[in-house]
Amino acid sequence: MAEEEEHLQRLRSKATELFIREEWKASIEAYSLFITLCTQKLSDSHPNQTHLQKLRRSLCIALCNRAEARSKQKDFHCALQDCDRALELDATHFKTLLCKGKILLCLHRYSTALECFRTAMLDDENSECVSGYLERCKGLELLSRTGCLDLSDWVVNGFRGKVQELAEHIGAVEIKKSEISGRGLFATKNIDSGSVMLVTKATAMERSIIMGGVQDLSEDAQLAMWKNFIDKVCDFVGKCPKTRGLINRLSCGDNEDELEVPDVGLFRPESVERDGFEVGIDMVKLVGILDVNSLTEDAVSANVLRRGNDCYCVGLWLLPSFINHSCCPNARRLHVGDYLVVHASKDMKAGEEVTFGYFDPLCGLSKRKEMAMNWGIHCKCKRCRFEGEVFGKQEVREIEIGLERGMDVGGVVFKLEEQMKRWKVRGKEKGYLRASFWAAYSEAYRSERAMKRWGRRIPAVEAVVDSITDVVGGDHRLLKMLMEELKKNGGGVVEREKVFKMAREVFGKVAKKQAMKTLLELCIGD
């Protein structure tokens, strides 16, 4: 008996020493052996209640420390199981309550974390240690419910220092069958432009430093990034059954129309593991899922908030994976660290599908078709159908040939506008064509020579920008053009408000007006 007690004591001391030295893997192994032996001893009959209580306390502490070590290894699922076992032994154990609360915070389960921290606060001796976590958790829980971000201080400081901590948020959206392709994300109520719909942290990310543009990243470097990214995803899904189950629900590009439509509630952090999550995932399927659903920061529908532009990133964000492409997108995304913020780039109605532009919406039909083929997309949107008829006309072909041969861009814009009058093209259809020929419009408006000759005969910049925004939503190039016009011609309150409105469409409602001015200078201004 004495030898057993001495062996347990040595084992516990070794595990504690490894824990203090932050040798997490080794400490987990040592604590696991101690926990197994301690549990066996507890199952034996112990008439000595004092000895029994001592064993239970030792087991509780060991489970808590193993939970802490596992959380450091990002094995949150097993760490929570350890915390729950420890709290079965002592429901008020302060260190375990604190540990569980911190793990739940990492998992974005704010309401449950609040319960842990509030229970831990009942320990008067240690309440000061918890108050900071409690207030932080309250703030994150509020952000999670409302989706109201304010990055103003960080933006005004030029993205220096630490960004405000973000919280997972799922707004008024649901997953349904899509007429575009397979399944899609849909608004469940009317949403104003700039409003945040999703805030979500990457399941895994891989970054690479680049000296020039993305095109300077060698093929070997890209392959190395992709391998590291896959390894990170594999490591995470191996530790988290819930994430493994959710990834299994994503498309790998096959039989899109036969896939089940998951409840959006499954993607909420507070949804707990169910039996359906206990599924395997083979490597071939996983690579296919990542190939179809991973996102990069350099996409045309994305803005990245950080200092410098010397980084290339690929990542997986689960719920945004359901957002389909449209040549008339109504949403954009903002990258802030590991988080992805999805916001409306124009007003949306309840029942409308949320869409990104997978490729440039400000280019012509033939270019979009070429890019769609690269993506494996056959776009059947209203714009593509309309332009499929119009671009077959001889007059439009002559305009395209004129651009290819270096025709005066002012003359190209004038000719297109005159043709639209003859064909009685109005409303959104006019916006479609102007978006397709945006390169010609923008060059004409920036050319002093072209504007001197054609300025009175072609529409004003604001009219063209408004009609394009109406169909493709806010775009940083349209915003830049408005800012250039405002700087060149002055402009009053109305003109400035128009710039700020589009800024919210491009970046989302993530900063106050004064900070938005700084954001425009950092991200749009020359």
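Predicted model: local features only at pLDDT ≥ 70, side-chain atom pairs only at ≥ 80, totals over all residues.
**Helix pairs, a covered helix and an open sheet**

Helix 19 crosses helix 20 with a left-handed sense. Helix 19 spans residues 461-472 and helix 20 spans residues 476-489. Their axes come within 10 Å of each other and cross at roughly 160°. Angles over 145 degrees count as roughly antiparallel, and helix 19 and helix 20 are therefore roughly antiparallel to each other. On the side of helix 19, the contact is made by V461, E462, V465, I468, T469 and V472. Helix 20 contributes L478, M481, L482 and E485. Sorted by class, the residues of this contact comprise seven nonpolar, one polar and two charged.

Helix 15 (residues 409-422) packs against helix 16 (residues 427-436) at an angle of about 160°, and the axes lie 11 Å apart. Helix 15 and helix 16 are therefore roughly antiparallel to each other. Here the crossing of helix 15 with helix 16 is right-handed. In this contact, L416, E417 and M420 of helix 15 meet K430, L433 and R434 of helix 16. The contact holds three nonpolar and three charged residues, with no polar ones.

Helix 22 covers residues 513-523, and its buried residues are A515, M516, T518, L519 and L520. Among the elements that cover these buried residues are helix 8 (152-156), helix 20 and helix 21 (493-507).

In general, the strands of a sheet pair through backbone hydrogen bonds, either parallel or antiparallel. In this model, four strands make up an open sheet with mixed pairing, and their order is 2-3-12-9. Strand 2 (173-177) and strand 9 (324-325) are the edge strands, each pairing on one side only.

Note on methods: Residues numbered from 1 in each chain as written. Heavy atoms only, no water. Axes fitted to C-alpha atoms, helices over the stretch in contact; angles between N-to-C directions. Helix = DSSP H or I, 4+ residues; strand = E, 2+ residues; numbered from the N terminus. Parallel < 35°, antiparallel > 145°, perpendicular 65-115°, else oblique. Left-handed = near helix turned anticlockwise from the far one by under 90°. Contact = heavy atoms within 4.5 Å. Nonpolar A, V, L, I, M, F, W, Y, C, P; charged D, E, K, R; others polar. Buried < 20%, exposed > 50% of the residue type's maximum accessible area, 1.4 Å probe, protein only. Pairing = 2+ DSSP bridges.
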